[in-house]
Amino acid sequence: MAKIPKIALIGNPNAGKSSLFNSLTGLRQKTGNFPGVTMDKLTGIWELGPKNEIEVLDLPGIYSIYPKSIDEELVINILGNPAHPDYPDMAIVVADASNLKRNLLLFSQVRDLGIPTVLALNMIDVAENEGYVINSIKLARELSVEVAEVNAKKGIGINGLKLAVQKTLENRFSSNDGLPLPVSEELITDIQVAFGDVDPYRCLLWLMEHDRMKMFSKAQCSDLDQIMVKHDFEPKKYKSAETVKRYEFLTEVVDRCVINLNRQWDAPPVKTWTDRLDKLFLHPVGGYLFFLAILFVMFQAVFTWATYPMDAIDAGVALLNDWLKGILPESTFRGLLTDGLIAGIGGVLIFIPQIAFLFFFISMLEETGYMSRVMFIMDKLMRRFGLNGKSVVPLLSSVACAVPAIMSTRSIGSRKDRLITILVTPLMSCSARLPIYTVLIALVVPEKNTLFGLFNLQGLVLFILYLLGFFMALFSAYLMKLILKAKEKSYFIMELPTYKGPRFKHVSYTILNNVKAFVFEAGKVIVAISIILWVLASYGPGNSMEDATNRIKVQNPNLSGVELSNKIAGEKLENSYAGHFGKFIEPAIRPLGYDWKIGIALITSFAAREVFVGTMSTIYSLGGEIDNENATIKNRMRAEINPQTGKPMYDMALGFSLLIFYAFAMQCMSTLATTYRETKSWKYPLIQFGYMTALAYLSAFLVYQALS
Amino acid sequence: MRTVADLGIGDHGFITGFTDEKLSLKLLEMGCLPGTEVVLTHHAPFGDPIAIKVSGYTLSMRKEEAATILINSI
């Protein structure tokens, strides 16, 4: 089979690149591990015709090929390196016709790299509404490039784009104006001799951006540095002069190809919807109120509306387990299947409604253009705490999951701001903590209304826990701001895009991709741990399990039936591997009020905190005093008696101590792995793990001692 | 020297130059070219950051960044 051609989609943020990508590839998309709000590269298959497929690569939105933040680096690492596995055969530059000049800057840079390029003009309707008429045929001639008019949102103009792409793939025509600004020929020759005969503009890209490009070894970087010194070349000066020069040229082109109707009629500038909405959303008081209202609806959805599908999933899994227990004969396999595997899978599935709701809201806010207004009104506040207006998105996303949240910090240009955001993001209460909160709150907080009957007390405690996570994140960020040194100044130069109606197709892809990633990536870990745990709790060293059975039978000669088997199960658990682990750490967690059973749950949930509830149900279904009607985890825990006091185990002190512990503790392998990947150093995941664990332990200790 | 940071809401000016070389590239790429007209459209609460209209779209930046964009004196 012939290698299928690759196309890279390039464009400014908000130019409609992702809509076009969705229109071209539909559901045939492959995503990275955790596609979040800001994505890695995405690939998909575009069918040009029968047996004529093209691989399309969607790259992060950029304004110029010179990267300013980590997410933008990806683009030159692919476009600058012909040996890269994703190096495209050609590029489609998607341009927002209502902001043509700025969008063409990027186009002219990409083309000068020597990559065959097609220009897709999007949002022509918007431009015409604003009074600009674009002569795209003339534009194509002036820029000597194939131009296709498209409406990416509605999927119009795809056939024209197909033709332009086919033509460009066939003749592989790359018009190249050479260098935007002349440099000495020896400089280019020096680079070409050392690194290969490529287009002069690509030589300059290598020269100026080699530090950000992974293709160069340390030795090659210093070679390039030497060439720079030898020719007395100043990258900053060159880039600025190049940008001005390109704009001069593009201004002339745009003047010849675009008719401005406003100027001809001398009409007053149109007051757009964006202007009107910004009056409200950026208002000193109204802006914050509106944001609070949106947050309120969002949390309402996640904590109230999502409970219906979640209860249904929970009940469904319980039903399946009961049914299996009914039809399968009692065996090790039945135990592994029901209490191990299915309980574990159920623990994953139950998160789906909340993750779906959260990503629905986050992607709606991004889609409509409102998210950048939130960054705008929050920047000053966040800056006081060593963060950045752009930190709002990671902090908000981490209410769903810290992994995509940490990945979305790539758009934060300043290294210090980004690092602090990464370190404090896991303090926000993610959806994995929610089931723990729910179970524990139900155990220790009475279900009654408070504050004039307006609020449910349980709901209030839940809300306070979320606030606690947020304020602890701010507080930690403030401390880190004092400790960490900044290499460069942070900046906040950012486009405020016009408001747009959300593309529901795009929103649903975002939800689908995130849910899929969660179920398959996080799910693997959770299910594996559930099974390991089941094994550890069902087997013990040597003959300890049989000994436990015999011991109980000897000690309680009068017992029989359910009571006896429960006693045996409890004794077995205590003597299992898991029981030994729990007992081993008991002295360390005693001051927090925890016994060895909770110890087991702490150990297992250090890899993924969502395992806690699963562990609890495994532990108590193996060892608790249960009868079938009373089988939910909540009831099992409520029935647990503290052997020392004879009172219920889960009292206020223990409940709140556990709640605080889980609110602050770093118990997520996936998050630590992501921090490692994003900071490229073990130092930061270790710091993150260390400070959060210390914080959790100390706070839980204080809470327990104060309440007991 | 007058800068974009000195503008009140609705005020406008023409860019004449930059005082910070590192920021200037980003600003140029975003369409803040010498000779271009800028109009201040919004202050965030507490007066910072600000939003300007330039090259036909809205761009936000912090006040200290706006202070690096020189504009013509009135």
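In chain B, what share of the contacts between residues at least 6 apart in sequence join residues at least 24 apart? The figure is 52%, where a contact means that two C-beta atoms, placed from the backbone, lie within 7 Å. Bear in mind that this is a predicted model, in which local features need pLDDT of at least 70, side-chain atom pairs count only at pLDDT 80 or more, and totals for chains, interfaces and linings use all residues. Residues are numbered from 1 along each chain as its sequence is written, while chains are lettered from A and ligands numbered from 1 in the order in which they are written.

**Chain B as a whole**

- Chain B has 2 helices and 5 strands; these are DSSP runs numbered from the N terminus, with helices (H or I) of at least four residues and strands (E) of at least two.
- Reading along the sequence of chain B, you get β-α-β-β-β-α-β.
- The C-alpha trace of chain B spans about 30 × 25 × 25 Å along its principal axes.
- The radius of gyration of chain B is 11 Å, which agrees with the value near 11 Å for a compact globule of 74 residues. It is taken over C-alpha atoms, and the globule rule is 2.2 Å times the number of residues to the power 0.38.
- Of the 74 residues in chain B, 45% count as buried. Buried means that 20 or more other C-beta atoms lie within 10 Å of the residue's own, exposed means 12 or fewer, and partly exposed is in between, with C-beta atoms placed from the backbone.

- Strand E3(B), residues 50–54, is largely enclosed by the rest of the structure, because 4 of its 5 residues are buried.
- On one pairing, E3(B) runs antiparallel to E2(B) (residues 37–43), with 5 bridges joining them; strands pair if DSSP finds at least two bridges between them.
- B:Val39 has B:Lys53 in E3(B) as its bridge partner.
- The hairpin of E2(B) and E3(B) has 6 residues between the strands, and B:Phe46 in that turn has a positive phi of about 70°.
- E3(B) also runs antiparallel to E4(B), again through 5 bridges, with B:Ile52 opposite B:Leu59.

**Where A meets B**

- Chain A puts 28 residues into the contact and chain B puts in 28 residues.
- On the chain A side, the elements giving two or more residues are helices H3 (100–112), H10 (235–257), H13 (286–305) and H17 (370–384), plus strand E12 (494–496).
- H10(A) gives the most to that side, with 6 residues.
- The chain A side divides into 14 nonpolar, 5 polar and 9 charged residues. Here Ala, Val, Leu, Ile, Met, Phe, Trp, Tyr, Cys and Pro are nonpolar, Asp, Glu, Lys and Arg are charged, and the others, Gly among them, are polar.
- E12(A) and E4(B) (residues 57–61) run antiparallel, joined by 3 bridges.
- In that pairing, A:Glu495 stands opposite B:Leu59.

**A:Val374 in helix H17**

- A:Val374 lies in H17(A) and counts as buried, with 22 C-beta neighbours inside 10 Å.
- Leaving out residues up to four places away in sequence, A:Val374 touches A:Phe291 and A:Val392.
- A:Val374 and A:Gly335 are 39 residues apart in sequence and 50 Å apart in space, C-alpha to C-alpha.

**Helix H26 of chain A**

- H26(A), residues 577–589, has 13 residues and reaches 18 Å from first C-alpha to last, close to the 18 Å expected at 1.5 Å a residue. The expected span is 1.5 Å times one less than the number of residues.
- H26(A) bends by about 25° at A:Lys583, and A:Pro587 follows within four residues. The bend is the angle between axes fitted to the seven residues ending there and the seven starting there.
- Its buried residues are A:Ala578, A:Gly579, A:Gly582 and A:Ile589.

**A:Gln667 and helix H31**

- A:Gln667 sits in the loop between H30(A) (652–664) and H31(A) (669–679).
- A:Gln667 is buried, with 27 other C-beta atoms within 10 Å.
- Not counting residues up to four places away in sequence, A:Gln667 touches A:Ser605, A:Phe606, A:Ala608 and A:Arg609.
- Buried residues of H31(A) include A:Ser670, A:Leu672 and A:Thr679.
- Just after H31(A), A:Lys680 takes a positive phi of about 55°.
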